[in-house]
Amino acid sequence: ITDPQYSTTAFLTGLKQVEGWQEMPLTAAAQTVQVSAFPDHYAQWELQAADLVAEHWTTS
């Protein structure tokens, strides 16, 4: 799915349904939602994702 807004909303909706996701390692939470055939591939993007969130996240 190439629409970032749709993809993000779908992922976050799925994540909210995962009990205890806040305490899970990032890659485990992502794998629980995405059910990827390559679950370890999320780890390579963890730092970049954290940097993007830190740069663009607003709570207004």
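Predicted model: local features only at pLDDT ≥ 70, side-chain atom pairs only at ≥ 80, totals over all residues.
Residues are numbered from 1 along each chain as its sequence is written, and side-chain values use heavy atoms, with hydrogens and water left out.

Let us begin with the overall layout. The protein chain contains three helices and zero strands, and its pattern along the sequence reads α-α-α. Helices (H or I, at least four residues) and strands (E, at least two) are DSSP runs, numbered from the N terminus. Along its principal axes, the C-alpha trace of the protein chain spans about 35 × 25 × 20 Å.

Helix α1 covers residues 4–16. How far apart are its end C-alpha atoms? They are 18 Å apart, which agrees with the 18 Å that its 13 residues should span at 1.5 Å a residue; the expected span is 1.5 Å times one less than the number of residues. Thr9 itself lies in helix α1.

Next comes the packing of α1 against helix α2 (residues 26–34). Their axes come within 9 Å and cross at roughly 105 degrees. Axes here are lines fitted to C-alpha atoms, for helices over the stretch in contact, and angles run from 0 to 180 degrees between N-to-C directions. The two helices α1 and α2 are therefore roughly perpendicular to each other, a class that takes in 65 to 115 degrees, with angles under 35 counted as roughly parallel, over 145 as roughly antiparallel and the rest as oblique. On the α1 side, Phe11, Gly14 and Leu15 meet Ala29, Ala30, Val33 and Gln34 of α2, contact meaning heavy atoms within 4.5 Å. The residues of this contact divide into five nonpolar, two polar and no charged.

Gln34, in helix α2, touches Phe11 and Tyr42, leaving aside residues up to four places away in sequence. Under the same exclusion, Met24, in the loop between α1 and α2, touches Val18, Ala29 and Thr32. Val35 sits in the loop between α2 and α3 (46–56) and has a positive phi of about 50 degrees although it is not a glycine.

Here are the relative accessibilities of these residues.

| Residue | Relative accessible area | Class |
|---|---|---|
| Thr9 | 45% | partly exposed |
| Met24 | 26% | partly exposed |
| Gln34 | 44% | partly exposed |
| Val35 | 63% | exposed |

Gln34 and Phe11 are 23 residues apart in sequence and 7.7 Å apart in space. Met24 and Leu52, 28 residues apart in sequence, are 20 Å apart, and Thr9 and Gln44, 35 residues apart along the chain, are separated by 22 Å.

Definitions and conventions
Nonpolar A, V, L, I, M, F, W, Y, C, P; charged D, E, K, R; others polar. Buried < 20%, exposed > 50% of the residue type's maximum accessible area, 1.4 Å probe, protein only.
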